[in-house]
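Let us go through this model by question and answer.

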Amino acid sequence: MTKPLLELPSGAQLVYLAEGGANVIYRIVTASSGPVDGASTSQGTLDSTVPAQFKGKLLRLRKETKSSIPYQEIIRNFDQTIRPLFSPDELIDQELVCLPRGLIPRCNEQLRLAELSGRRPRRRQGVYLSAAEPFGLLITDMTSLGNPGAILAELKPKWLLQSPTAPPNARRCRTCALREMKNYEARLAGKPEDRSFCPLDLPSDKFDNVLRAVRFVKGCDGRLARVLYRNSTVQKLLMNQKARRDVGLNGPPPHSRDKSLAMTLRDCTMFIKMPRDESCPVEIRLGDLDLKTGAGGKAQYWLDLEKRLIHEGWYMGAKGSSHPSECALQGPRPHPQPSI
């Protein structure tokens with residue numbers, strides 16, 4: 001029997017939390033009318049008039065962009081392809097919800113007002129929510145609401161194992177090779193470089209390697225390393241990447257569903273919520289798992305990028321870096337300190 005679709009109350013009041021290139025995230029605050037200014041609502045309180053089925057959830061709304069995918073297709077891919085690979089408590093859940101008439105125009109008006117007052121990020125301005133999208137997505141709330149003092153962290157696990165088409169004697173994993181290439185281009189353009197961990201360290205059996213990785217996660221220390229060391233969600237992601245390792249220049253056609261899934265699993269985000277009380281359980285969930293597609297030139301980009309990393313020597317660390325490489329493939333590294 002098909003589960004009936006939830007409907008957002010017609011008077012739902014929303015608070016803007018964040019946005020990316022394709023979506024805006026809101027907190028559902030009350031069941032009264034119209035979106036409200038986030039500055040006027042406490043992060044630590046939740047109005048009791050919010051229906052029970054919306055508590056512990058955030059609302060994701062789709063922007064109008066050339067590459068945006070209708071939410072019905074996103075949720076179908078999620079339910080059929082992503083959900084079977086993980087346990088429910090390992091995922092940022094997603095559920096369709098019908099939007100009341102007039103909600104999107106009100107939210108778009110709030111976005112325009114936020115631009116005028118300088119509260120909306122400049123790089124996101126000028127793009128608004130899709131008036132043609134009748135649904136929103138309810139997603140698991142991984143903020144600290146209801147758990148004051150919790151330490152929140154997020155990281156991109158990326159490629160937890162090497163690309164199968166990298167040179168056999170490579171001194172950089174796929175992620176570290178790509179980072180060095182981008183940093184080289186940033187230096188030439190006079191822009192700041194990016195420093196981060198080597199993904200090969202995350203699923204490592206050596207605690208020092210995991211500790212080395214978490215130094216680059218803002219606001220975290222050895223406690224996060226202890227949480228992630230031999231963590232089941234990290235290991236599950238590694239297992240799923242291994243099962244779909246025909247990437248790089250190999251494997252199924254670039255536009256195929258199998259290739260899309262393989263690349264999606266290499267571009268998700270891990271969200272971590274650690275209560276202040278260390279005796280309480282830590283919550284770790286994977287998000288950003290909308291199925292990547294090869295449309296719009298993306299498939300060719302994946303192929304061209306792998307060829308460039310190979311032929312320009314980035315896998316070999318040929319052009320060096322202004323910082324010592326963090327890559328696990330380069331050989332012995334200094335003992336890591338708890339934080340940076």
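Q: Which residues line the second largest cavity, and what is its volume?
A: This is a predicted model, where local features need pLDDT of at least 70, side-chain atom pairs count only at pLDDT 80 or more, and totals for chains, interfaces and linings use all residues. Residues are numbered from 1 along each chain as its sequence is written, and side-chain values use heavy atoms, with hydrogens and water left out. The lining consists of Trp-159, Arg-174, Gly-248, Lys-259, Met-263, Trp-302 and Glu-306 (a cavity is a set of points on a 1 Å grid over the protein atoms alone where a 1.4 Å probe fits but cannot get out; lining residues have an atom within 4 Å of a point). Its volume, the space filled by probe spheres set on points joined across faces, edges and corners, is about 50 Å³.

Q: Which helices each supply at least two residues of that lining?
A: By class, the lining of the second largest cavity has 3 nonpolar, 1 polar and 3 charged residues (Ala, Val, Leu, Ile, Met, Phe, Trp, Tyr, Cys and Pro count as nonpolar, Asp, Glu, Lys and Arg as charged, the others, Gly among them, as polar). Helices here are DSSP runs of H or I with at least four residues, strands are E runs of at least two, and both are numbered from the N terminus. At least two lining residues each come from α7 (257-264) and α8 (298-311).

Q: Which residues are closest to the centre of the largest cavity?
A: The largest cavity has a volume of about 130 Å³. Its lining has 3 nonpolar, 5 polar and 5 charged residues. Of the 13 lining residues, the closest to the centre are Arg-179, Asp-194, Pro-324, Ser-325 and Glu-326.

Q: Is Asn-231 buried or exposed?
A: Asn-231 sits in the loop between α5 (222-228) and α6 (232-243). Its side chain reaches the backbone nitrogen of Thr-233 at 2.9 Å. The relative accessible area of Asn-231 is 11%. Buried means under 20%, exposed over 50%, partly exposed in between, with a 1.4 Å probe and protein chains only, so Asn-231 is buried.

Q: What is the phi of Arg-230?
A: Arg-230 lies in the loop between α5 and α6. At 51% relative accessibility, Arg-230 is exposed. Arg-230 is not a glycine, yet its phi is positive, at about 55°.

Definitions and conventions
A polar contact is a pair of N or O atoms within 3.5 Å; within protein, one must be able to donate a hydrogen and the other to accept it, and residues adjacent in sequence count only if both atoms are side-chain atoms. On a 1 Å grid over the protein atoms alone, a cavity is a set of points where a 1.4 Å probe fits but cannot get out, and a pocket is an open set with protein on both sides within 12 Å along at least five of seven lines; lining residues have an atom within 4 Å of a point.
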